[in-house]
Amino acid sequence: MNTERNFFLNRIKAFKYAAKGFWILITTEKSIIAQAIIGIIVTIFGFIMNLSATEWLFQIIAIALILVAESLNTGIEKLADFVHPEYHKEIGRIKDISAGAAFFAAIFAVIIGLIIYIPKFIL
Ligand SMILES: Nc1ncnc2c1ncn2[C@@H]1O[C@H](COP(=O)(O)OP(=O)(O)OP(=O)(O)O)[C@@H](O)[C@H]1O
């Protein structure tokens, strides 16, 4: 019973830490704020273009993919700067790889965007 209670208390605590991290990201991290603003603009555009339910789902997934990848990239950059603030070739490589993950997400988000919007403008 007690371990069960601890489990739930720990889950609530973990949720609070995660919410704190979310708040840090959206209030202090310029790259996340910029991506969130783009996400809001694209969402407004979605309303203007009257997207179908399926198109909305893919657009929301694309926005989420970008924000999640960018957030993890930010975390890895912070960790790298903390463990090794000075210049190091390997830190540069780690940061490049981490940024590459965000780039991956961006490529697929653009593909999703093209599939949704090209027919609306061309057909
Ligand atoms: N300590 C370092 N040692 C070697 N290369 C680094 C180091 N810090 C940054 N770099 C290089 O500079 C690039 C940009 O790093 P930085 O941490 O400034 O990321 P950024 O994308 O500019 O960050 P932000 O998301 O804050 O704009 C890295 O991908 C890496 O190639």
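Guide: The following dialogue goes from the overall fold to single residues. Please keep in mind that the model is predicted.

Visitor: How many helices and strands are there in the protein chain?

Guide: One begins by listing the elements. The protein chain has 4 helices and 0 strands, and from the N terminus on its elements run α-α-α-α. The radius of gyration of the protein chain is 19 Å, well over the 14 Å that the globule rule gives for 123 residues, so the chain is more spread out than a compact globule. Along its principal axes, the C-alpha trace spans about 55 × 50 × 20 Å.

Visitor: What share of the 123 residues is buried?

Guide: A residue is called buried if 20 or more other C-beta atoms lie within 10 Å of its own. In the protein chain, buried residues make up 12% of the 123 residues. As for contacts between residues at least 6 apart in sequence, 70% of them join residues at least 24 apart.

Visitor: Which residues are around the ligand?

Guide: One looks for the residues that form a shell about the molecule. Here they are Ser 31, Glu 77, Tyr 87, His 88, Ile 91, Gly 92, Lys 95, Asp 96 and Ala 99. Helix α4, residues 89–122, gives the most to this shell, with 5 residues. By class, the shell has 3 nonpolar, 3 polar and 3 charged residues.

Visitor: Which residues does UniProt list for "binding site"?

Guide: Such a label comes from a record, and here the entry is unreviewed. UniProt lists Glu 29 and Glu 77. They span 49 residues in sequence, yet no two of their C-alpha atoms are more than 11.7 Å apart, so they gather at one spot.

Visitor: Where is each of the two, Glu 29 and Glu 77?

Guide: Glu 29 has its place in the loop between α1 (2–28) and α2 (30–48). Glu 29 is partly exposed, with 18 other C-beta atoms within 10 Å. Glu 77 is found in helix α3, residues 53–83, and is also partly exposed, with 17 other C-beta atoms within 10 Å. Not counting residues up to four places away in sequence, Glu 77 touches Lys 95 and Ser 98.

Visitor: Is Lys 120 buried or exposed?

Guide: Again, one counts the neighbours. Lys 120 lies in helix α4 and, with 11 C-beta neighbours inside 10 Å, counts as exposed. Lys 120 and Leu 51 are 69 residues apart in sequence and 9.7 Å apart in space, C-alpha to C-alpha.

Notes
Residues numbered from 1 in each chain as written. Predicted model: local features only at pLDDT ≥ 70, side-chain atom pairs only at ≥ 80, totals over all residues. Near = placed C-beta within 6 Å. Nonpolar A, V, L, I, M, F, W, Y, C, P; charged D, E, K, R; others polar. UniProt positions renumbered as here; feature names shortened; annotations may be inferred. Contact = placed C-beta atoms within 7 Å. Rg over C-alpha atoms; globule rule 2.2 N^0.38 Å.
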